[in-house]
Amino acid sequence: MNNYIQTIFLILSSIFLYSCEGLQNKTNDNLSDNYSEISVDPQKINFGDLNKNKRRFVTVAFNVYNNSVNEINVKKVDVSCGCMKPLVKTFKLQPHESKEIQIQINLEHQKGKFDKRVFIRSDTHKKVNTVRIIGNVE
């Protein structure tokens, strides 16, 4: 009788442990399905040395990638300086889609080291991705 109870206990314990493991895997799968993320490339742009008397505007570009299986809303492409203007401010990215973002920079009132940021605000887990733009204006 004692062996019978031990055998039943082992069987029930095995079923319980197996069912908990299955539940854990299912929960992790759901999390990965709901986890949305974007990436930007490049994260740093160096436009080098520019003479503002020869070239008043410069346009730089980077790509935004949707690395998830969900649609992502980019709520705002924002800049750290009034000298920069994003040519696109809001957009949607379908799963695994990418979009090129162009930033027009007015060099007229810039001199010396240039070090500014572009902020991509979205409904993803990270919320804000940043691109750094550097260079030198003569």
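A residue is called buried when its relative accessible area is under 20%, exposed when that area is over 50%, and partly exposed in between (1.4 Å probe, protein chains only). The model described here is predicted, so local features need pLDDT of at least 70, side-chain atom pairs count only at pLDDT 80 or more, and totals for chains, interfaces and linings use all residues. Residues are numbered from 1 along each chain as its sequence is written, and side-chain values use heavy atoms, with hydrogens and water left out.

Gln110 counts as buried because its relative accessible area is 13%. Contact is taken as heavy atoms within 4.5 Å. Neighbours within four places in sequence aside, Gln110 touches Lys52, Cys81, Cys83, Lys116 and Val137.

Asn106 belongs to strand S7. A polar atom of the Asn106 side chain lies 2.9 Å from the backbone nitrogen of Glu108. Such a polar contact is a pair of N or O atoms within 3.5 Å; within protein, one must be able to donate a hydrogen and the other to accept it, and residues adjacent in sequence count only if both atoms are side-chain atoms. With neighbours within four places in sequence again left aside, Asn106 is in contact with Arg56, Phe57 and Cys83.

Turning to charged pairs, the whole structure contains five salt bridges, each defined as a side-chain nitrogen of Lys or Arg within 4 Å of a carboxyl oxygen of Asp or Glu. One of them joins Glu108 to Arg56, with the closest N and O atoms 2.8 Å apart. Glu108 lies in the loop between S7 and S8, and Arg56 in the loop between strand S2 (44–50) and strand S3 (57–66), so this pair ties together parts that are 52 residues apart in sequence. Glu108 is partly exposed at 37% relative accessibility, and Arg56 is partly exposed at 42%.

Glu71 and Lys92 form another salt bridge, their closest N and O atoms being 4.0 Å apart. This pair links distant parts of the chain, 21 residues apart, with Glu71 in the loop between S3 and strand S4 (72–79) and Lys92 in strand S6 (residues 91–93). Glu71 is partly exposed at 37% relative accessibility, whereas Lys92 is exposed at 51%. A salt bridge also connects the side chains of Arg117 and Asp115, at 2.8 Å from N to O. Salt bridges with shared partners bring Asp115, Arg117 and Arg132 into one network.

Two lysines are placed over aromatic rings. The charged end of Lys99 sits over the ring of Phe91, 5.8 Å from its centre, and Lys116 lies over the face of Phe114, 5.7 Å from the ring centre. The criterion is NZ of Lys or CZ of Arg within 6 Å of the ring centre and within 35 degrees of the ring normal.

Strand S8 also takes part in pairing, which requires at least two DSSP bridges between two strands. S8 pairs with S4 in the antiparallel sense over five bridges, and Val74 stands opposite Ser122 in S8. S8 also pairs with strand S9 (residues 128–137), in the antiparallel sense over ten bridges, where Lys113 stands opposite Asn136 in S9. S8 and S9 make a hairpin with five residues between them, and Lys127 in the turn has a positive phi of about 75°.

Notes:
Helices (H or I, at least four residues) and strands (E, at least two) are DSSP runs, numbered from the N terminus.
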